[in-house]
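This report looks at one protein chain, residue by residue and region by region. Please keep the sequence and the structure in view while reading.

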Amino acid sequence: MLGKLFKKKEEIVQISMYAPVTGDLVVLEDVPDPVFSQKMMGDGIAIKPVEETVTSPVDGEVIQLFPTKHAIGIRAKNGAEILIHIGLDTVNLEGEGFSAFVQEGDSVKASDMLITFDSKVIAEKATSTLIPVIITNTDAMSEIIPFGKKESVTAGEDVILSVKKN
């Protein structure tokens with residue numbers, strides 16, 4: 001009976017990350033921004049969106065929502081810190097075309113709606129509509145593996161990465 005009280009909590013080591021947006025997968029090396037293509041912020045993948053809703057790729061907690069709503073950070077149950085950056089050079093839009101449905105500290109489940117964006121505004125006023133999805137604490141992870149050979153993905157349905165903690 002006491003064993004149940006003091007039982008060690010099972011640690012989550014590996015997670016599956018779902019596509020946060022519907023679109024076509026793009027390898028980071030093909031993102032036209034050296035911060036992402038050279039993996040300066042971490043490893044991951046990018047998506048060329050065909051829809052305008054960003055959903056949570058994992059169960060976790062919103063750890064950062066940029067005031068301009070162009071990017072959001074989520075900490076997954078295994079500690080992976082995920083940055084979803086909507087478009088390139090979109091910080092310059094100062095929030096134009098973005099609406100957030102969560103705030104810092106919120107718990108989220110995979111496929112919960114996070115942000116909507118106006119792709120026409122981004123295409124017109126930013127460098128690119130590509131959405132990099134980055135594991136910013138790549139060094140704390142032992143494996144970040146692309147999942148399968150899909151070219152296009154559906155938000156909340158298709159797994160894009162498997163992420164394993166050290």
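## A buried loop residue

The model is predicted. Start at T90, which sits in the loop between β7 (81–85) and β8 (98–100). Is T90 buried or exposed? Its relative accessible area is 0%, under the 20% limit, so T90 counts as buried.

The T90 side chain has a polar partner. It reaches the backbone oxygen of I86 at 2.7 Å. Beyond the residues within four places in sequence, T90 is in contact with H70, H85, F98, I122 and A126.

## Nonpolar cores

In soluble globular proteins, nonpolar side chains tend to be buried together. Here, the largest nonpolar core has 36 residues. Within this core, M17, I84, L114 and V163 have the most contacts.

A second core is separate and has 10 residues, including V26, V31, L130 and I134.

Which residues does I84 touch, leaving aside neighbours within four places in sequence? The contacts of I84 include P20, V54, T55 and P57. H70, A71, I72 and I74 are also among them. L114, I131, P132 and V133 complete the list.

## The largest pocket

Rolling a probe the size of a water molecule over the atoms shows where empty space is left. The largest pocket has a volume of about 260 Å³. It is lined by 18 residues, and V26, V27, G44, I45 and P146 are the closest to its centre. V26 also belongs to the second core.

Which strands each supply at least two residues of the lining? They are β2 (23–26), β3 (43–49), β12 (141–146) and β14 (159–165). Strand β3 gives the most, with 3 residues.

## I145 on strand β12

I145 lies in strand β12, one of the strands that supply at least two residues to the pocket lining. How accessible is I145? Its relative accessible area is 39%, between the 20% and 50% limits, so I145 is partly exposed.

Not counting residues up to four places away in sequence, I145 touches I160, L161 and S162. I145 and F36 are 109 residues apart along the chain, and their C-alpha atoms are separated by 17 Å.

Methods. Residues are numbered from 1 along each chain as its sequence is written. This is a predicted model: local features need pLDDT of at least 70, side-chain atom pairs count only at pLDDT 80 or more; totals for chains, interfaces and linings use all residues. Side-chain values use heavy atoms; hydrogens and water are left out. On a 1 Å grid over the protein atoms alone, a cavity is a set of points where a 1.4 Å probe fits but cannot get out, and a pocket is an open set with protein on both sides within 12 Å along at least five of seven lines; lining residues have an atom within 4 Å of a point. Grid points are joined across faces, edges and corners, and a volume is the space filled by probe spheres set on the points. Helices (H or I, at least four residues) and strands (E, at least two) are DSSP runs, numbered from the N terminus. A nonpolar core is a set of buried Ala, Val, Leu, Ile, Met, Phe, Trp, Tyr and Cys residues joined through side-chain atoms within 4.5 Å. Buried means under 20% relative accessible area, exposed over 50%, partly exposed in between (1.4 Å probe, protein chains only). Contact means heavy atoms within 4.5 Å. A polar contact is a pair of N or O atoms within 3.5 Å; within protein, one must be able to donate a hydrogen and the other to accept it, and residues adjacent in sequence count only if both atoms are side-chain atoms.
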